[in-house]
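Student: Could we go through this structure by question and answer?

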2 protein chains.
Amino acid sequence: MTSRTGHQEQTVIALDAMGGDFAPEETVMGAAAVAGPSLKIILTGRRREIERCLAVAGGSVSDTARRHLEIVEAQEVIGFDEEPTKAVRGKEDSSLVVATGLVAGGRADGVVSAGNTGAALAAAMIKLRRIRGLKRPGLCAVLPTPGKPTIFIDVGANSEARPAHLLEFAGMASIFAQEVLEVANPTVGLVSIGEESVKGNELVLETHRLMAETPGLNFYGNVEGRDIVRNVVDVVVTDGFTGNVCLKLMESTSSLIVEEVKKAARRSLAARLGGLLLKKELADFKKSIDTEEFAGAYLLGVRGLVVICHGNSSRKAIASALGSAARASRQNLVGKLETRIAAMKAGSGGKAGDGGALGDKQENEVANEI
Amino acid sequence: MTSRTGHQEQTVIALDAMGGDFAPEETVMGAAAVAGPSLKIILTGRRREIERCLAVAGGSVSDTARRHLEIVEAQEVIGFDEEPTKAVRGKEDSSLVVATGLVAGGRADGVVSAGNTGAALAAAMIKLRRIRGLKRPGLCAVLPTPGKPTIFIDVGANSEARPAHLLEFAGMASIFAQEVLEVANPTVGLVSIGEESVKGNELVLETHRLMAETPGLNFYGNVEGRDIVRNVVDVVVTDGFTGNVCLKLMESTSSLIVEEVKKAARRSLAARLGGLLLKKELADFKKSIDTEEFAGAYLLGVRGLVVICHGNSSRKAIASALGSAARASRQNLVGKLETRIAAMKAGSGGKAGDGGALGDKQENEVANEI
C-alpha cells in the first residue's frame, strides 16, 4: 500500500513488465519515465531481461527514477493467444499473476498490464475477487472528447453480456464519473443503431427497458455511434465486443486523420508554410486527443485497482497508464466504488438487495467460475 | 428500366422523396442536383409538398433538371419509429413502398431511400425478393479510406446475425469488390476484438471457423477496430449492429477532427495565416473523406438495386447516393451478383448446393417472414 518515504506519501504501482507487444523494452522505459519519490513502480518479470533494458537505457534513466523502480522476479509470461483462465491458473509465476498478487497482498496500490486482456481480467477475478454483489467487472475508458471527457464502458472485459451486466456497468461508470471526474448527475446513454427505444438487437432492447425503470440512474436513452464522441451523454454503455471495436476504431480514425492533415501540409510550398505557422496549434490539438496521453482503461468491479492497456502500448502509453493508476489510487476509486455499491444494495432493501440489479446468486456463480 | 431519350441511354432511379429527417426539402433538392439527360429521377411522395419544394427552389433548379424529374403520387409516409414489416405491409401507398414498387415493376433501375432503414429492407424483401439461395441481404458501405476504398458489410440490415449470414455477406461483398471496384482477389477480414482466432464473441468464433474452411473466399482472418480504416483488407465483415455503430462512429470522429483542426487554425494570427495557406489542401482532403460525397449503402442480396442513406442526409448526400445508384445500375451490379451466386451454388454441386453456405431451407423460411 501507500508507503512513506520521509514525509511524503509514495504510491506503489505494480507493472506487468513482460505484458505487451513491445515488452519489456517499452514497459520498462514507461515505468522509468514516471518513477520518482511520489510513485514507486514494481516491475514484475524476468529480472535479467528487465535489467538489460535498464542497462541499455543508460543515462536516459535518471538515478532518482532508478531508485524508485523495484524488480520482482517472475519467470513465466502469458501470451496473447493463451486461454485466459487456464493461463492464469497454470502460470502462478507469470509476470501478470505476480503483479496482480502484489495488489492482493497489499504490497502495491494498483496494477497495470498491457498483456492479454482476458488474462488480466481473469487474474483480477481470481486474485482480487469481485466487489460484493456485482456480477461482472467492466472495462472503462475515458475518451478525450472535446469539451469534456466521455466515459465509455465496457471496452473489452466481456465479449458477451446480458442486460443485467450492462446495467451494472452503467451504475459503476456513473460512480466513476461522480467520484473521479466530479460530474454531478452523469447522464447515461446506451449504444444502439437508432435513438428510438425499439431500435437495436435483443440485448439492447431488453437493456433499454431495464435501464428506463431503474431508479437513481440518469438514463438518457439510446445513443448512436456518432454520439459517442459528441458529448451527448457523460457515460456511454455497451457490451465489451462493440466497445472494444469502437475504441480501437476511434483511436485509429483520429490518428489517421491527423496523419492525413500532416500529409496535406506537405503538398505545396504554400501549404508547407501554412503547416509551419499552424504547427503549435496542431501539436496542442494532437496532444489533446492523443490516445497515448489517455492510455489505459480501468477495470471497474474488482476489489483492487487494475488498469489495462492496449497490447501495442508504447512507453508513452505505459507511462500515462501508470499515472492514471496512481491518480485513481490517491482518489481511492476502489474504496469509493465498494462503499457506493454497498449503499445501493442496502438502499434497495432486504430481499430486493439480493435479487435486484446488483445481486443474483446464479449469475454470481457463473462469474465465479472465471 | 433504362430508357432511351434520343440516342442516349437514360438511367431511371426512384427516390423515396418523403424519407429522411429533412425530407422532402433535401431529397427533392438532391434529386434536382443530379437529374439530367442521362439520369431521370422519379420522386415518390405527396405531389403538393414536392411541388412546393421545387417552387421555393425557383431558378436554382434548371429547366433541364426539371424536365428529368417525375413525381409519382404516394400519400403515406413511414416514420422512423414504425415497426418495419408492419409498416410496409400496412402502407402500400407510402413513398417508400411505391418507390420500391417502381423497381419491382420495371419502371426504375434502382431505388434510394433515407427513411426508416428497417422498412427499406422490408420493402425490398417483399417487393423485390431475395436473390435465389441467399438467406439475408446485407447493407454494404464503401468507406473512403486513404489509398483505396474499403468495403464494409453489414452496416445495419440485420441487428442480429448468424455465422452463415456473415459468410454470405463476405461472399457478396467480394463479388462487389471484383465487379464494381475491380479488385482482383479481394481479401476478407472478420471484425473481432483480437487478431487471434480464439478472440471474439460466440458469433465471431464460429464465423471464423466457417470462413477459414470456405473454398474460394480469400479469408485474411480477424481484423480489429483499428484495422477497419487502415486498408488491412479489401472487405471488412461484421454483424449489422456492430457495423452500423462503427460506420456512424467513424463518420462522426472524422468530421469532429476536421472541425477541431479548423478551430485550431483560428487560435492565433500565425495560425490563421497558416490556415489560409493550407486551405486548398485541407479542402481537398476533407472532400476525399467526406461522407456526404460517399453517401449511401448498397443493399446486397435482393433482386433489384437498393441504396439506403442515413436519416440525416443532406441534399448533397442524397445527390451522391443517387449517383452511386445510377453507376451501380449501369454496371449491372444486381445481374452480376445473381449470376455469380448462381454459379457458386452450381459449383458447390447437388445437395451441397442447397445445404451449404448459400442455401438452407429453414433459414430461408425465417428470412421469408420479413
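**Fold, core and interface**

Tutor: In chain A, 73% of the contacts between residues at least 6 apart in sequence join residues at least 24 apart; two residues are in contact if their C-beta atoms, placed from the backbone, lie within 7 Å. This is a predicted model, in which local features need pLDDT of at least 70, side-chain atom pairs count only at pLDDT 80 or more, and totals for chains, interfaces and linings use all residues. Residues are numbered from 1 along each chain as its sequence is written, while chains are lettered from A and ligands numbered from 1 in the order in which they are written.

Student: What percentage of the residues in chain A is buried?

Tutor: A residue counts as buried if 20 or more other C-beta atoms lie within 10 Å of its own, with C-beta atoms placed from the backbone. Chain A has 370 residues, and the buried share is 56%.

Student: Which residues touch the most other members of the largest nonpolar core?

Tutor: A nonpolar core is a set of buried Ala, Val, Leu, Ile, Met, Phe, Trp, Tyr and Cys residues joined through C-beta atoms within 7 Å. The largest one holds 243 residues. Leaving aside residues up to four places away in sequence, Leu322(A) touches residues including Ile13(A), Val34(A) and Val112(A). The residues that touch the most other members are Ala173(A), Leu322(A), Ala173(B) and Leu322(B).

Student: Which element gives the largest share of the side of chain B that touches chain A?

Tutor: In the interface, 52 residues of chain B are in contact with 52 residues of chain A. Two or more residues on the side of chain B come from each of helix H9 (240-264) and helix H10 (269-289) of chain B, helices being DSSP runs (H or I, at least four residues) numbered from the N terminus. The largest share, 19 residues, comes from H9(B).

Methods. A residue is buried if 20 or more other C-beta atoms lie within 10 Å of its own, exposed if 12 or fewer, and partly exposed in between; C-beta atoms are placed from the backbone.
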